[in-house]
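Could you walk me through this structure while I have it open in a viewer? I would like to know what to select at each stop and what I will find there.

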Amino acid sequence: MLKEKSTYYSLKDYLKEKYGKRVQKITVALPFTCPNIDGTKAVGGCTYCFSGTRPAHLSPSVPLKKQIEEGILRAKERYGKNILFFVYYQSYSNTYGERDYLKSIYDTALEFDEVVGIDVGTRPDCAPEWVLDLLESYTQKGLEVWVEYGLQSANFTTLRRINRAHGVSDFVDAVLRTKRRNLKVCAHVILGLPGEDEEDMLETGKLLCALPIDGVKIHPLHVIKGTKMAQQYLNGEFEVLSLQEYAKRAVDLIEILPPNVVIHRLTGEVEEDRLIAPDYCTYRKKSEVLQAIQREMESRGSYQGCKSPFNR
C-alpha cells in the first residue's frame, strides 16, 4: 500500500515490502509475433511499434536460459548478491503460441532459485482460458505471476487509428477472466496518442479505476524511427507532449488511481539513435521525467488516489 509521505506506490516499494530485499526484473526476448502483425487480425502491427518494443541489446536468437543467466550476473555485479529476480517476457505477445512452447519458456524460470516471479507481456485478445490456466499453475510452484495487458487507450477510435486490432471490450474481458485466478494484472496506457485530449486520457485512467487491476504502466507516446507513426509525425499529422505536459497528464492519472494499485513505470525509453521525438524519452533522461512528475505532484500537494472517482 501507499506509504505515508509517499506520493505514489511504486513497483520498487511493492517488491521490497513483499520480499524484504531488492527484486530486479530480467527482460528477455523471444521469437514471438502478434495477431495484428501476422495477418490473423491485421498486418503492420501497432503504428508506434518497432520490433515489438524490444530493447536493442536483446536478441531472440540467444537461448532463453543464457539470457536469464546473463541478466542475473549483470544485476548481481551492480546491486550485490542479496537480490531476487522476476523474468520479464516483454517483446510482442508472449502468450501467442502453442501450449508446449509456452510451457517450455515459462518452465525455464523455475530453473533459477533466485527467480521468484514471472511477468508476461501480451495483448488482451491473446489470453484464452488455457493460457490463463497455464500461467496460474506457476503460482502453485511458488512463483508470483503478473500478466501485462496493453490497453493504451479507452477510446476505440484511437485504438483503430493506431491499428491495435482489438477493442476496449477485449481488455475488460481479459482483465475480468484473469482476476478469477491467482494472477496479477498490469495495464499499459500511453498518454499523448494522436487525436486525444486531456479528457480522453483521463477517461482511460477512469476505466482502469473501475476494474480490478493490480498495477499500471504509464508511458508518454514516443516516436521511433522506422514506424508508421514516424512518417505521420514527420508529415505534421500530430504533435507529441512536452515534458511539462506529460508530467501534468501523468499526475492526473496518478491522482485517480486507487492507492493499492502498483505503478510499474511512469515513462518510456528508447535508444537515442532510434528516437525521433520527444527528446526526453531516452534512458539518459529517465530521471528528468520522474523528477518532473514529482515536482508536479509536490506543486499540487497531491498523492495517488487523492481524487479517486469511485467508492472502494
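## Stop one: Thr-178

Start by selecting Thr-178, which has its place in helix H6 (residues 168-178); helices (H or I, at least four residues) and strands (E, at least two) are DSSP runs, numbered from the N terminus. Residue numbers count from 1 along each chain as its sequence is written. This is a predicted model, so local features need pLDDT of at least 70 and side-chain atom pairs count only at pLDDT 80 or more, while totals for chains, interfaces and linings use all residues, and side-chain values use heavy atoms, with hydrogens and water left out.

Is Thr-178 buried or exposed? Thr-178 is buried, with a relative accessible area of 0%; buried means under 20% relative accessible area, exposed over 50%, and partly exposed in between (1.4 Å probe, protein chains only).

Now show the neighbours. Leaving aside residues up to four places away in sequence, Thr-178 touches Leu-132, Val-147, Tyr-149, Leu-183 and Val-185 (contact means heavy atoms within 4.5 Å).

## Stop two: aromatic pairs

A search of the whole structure finds eight aromatic pairs. Rings of Phe, Tyr and Trp (its six-membered ring) pair if their centres lie within 6.5 Å; planes under 30 degrees apart count as stacked, over 60 as edge-to-face and the rest as tilted.

Select Tyr-14 and Trp-146: they form an edge-to-face pair, 6.0 Å centre to centre with 85° between the planes. Tyr-14 lies in helix H1 (residues 11-19) and Trp-146 in strand E4 (residues 144-152), so the pair ties together parts that are 132 residues apart in sequence. Both Tyr-14 and Trp-146 are buried.

Next, pick Tyr-106 and Tyr-138, an edge-to-face pair at 5.9 Å centre to centre and 85° between the planes. Tyr-106 lies in helix H3 (residues 99-108) and Tyr-138 in the loop between helix H4 (129-137) and E4, so this pair ties together parts that are 32 residues apart in sequence.

Keep Tyr-138 in view and select Lys-141, whose charged end sits over the ring of Tyr-138, 4.7 Å from its centre (NZ of Lys or CZ of Arg within 6 Å of the ring centre and within 35 degrees of the ring normal).

## Stop three: backbone details

Most residues other than glycine have a negative phi, and most peptide bonds are trans. Select Ala-277 and Pro-278 to see a cis peptide bond, with omega about -10°. Finish at Tyr-92, which has a positive phi of about 60° although it is not a glycine.
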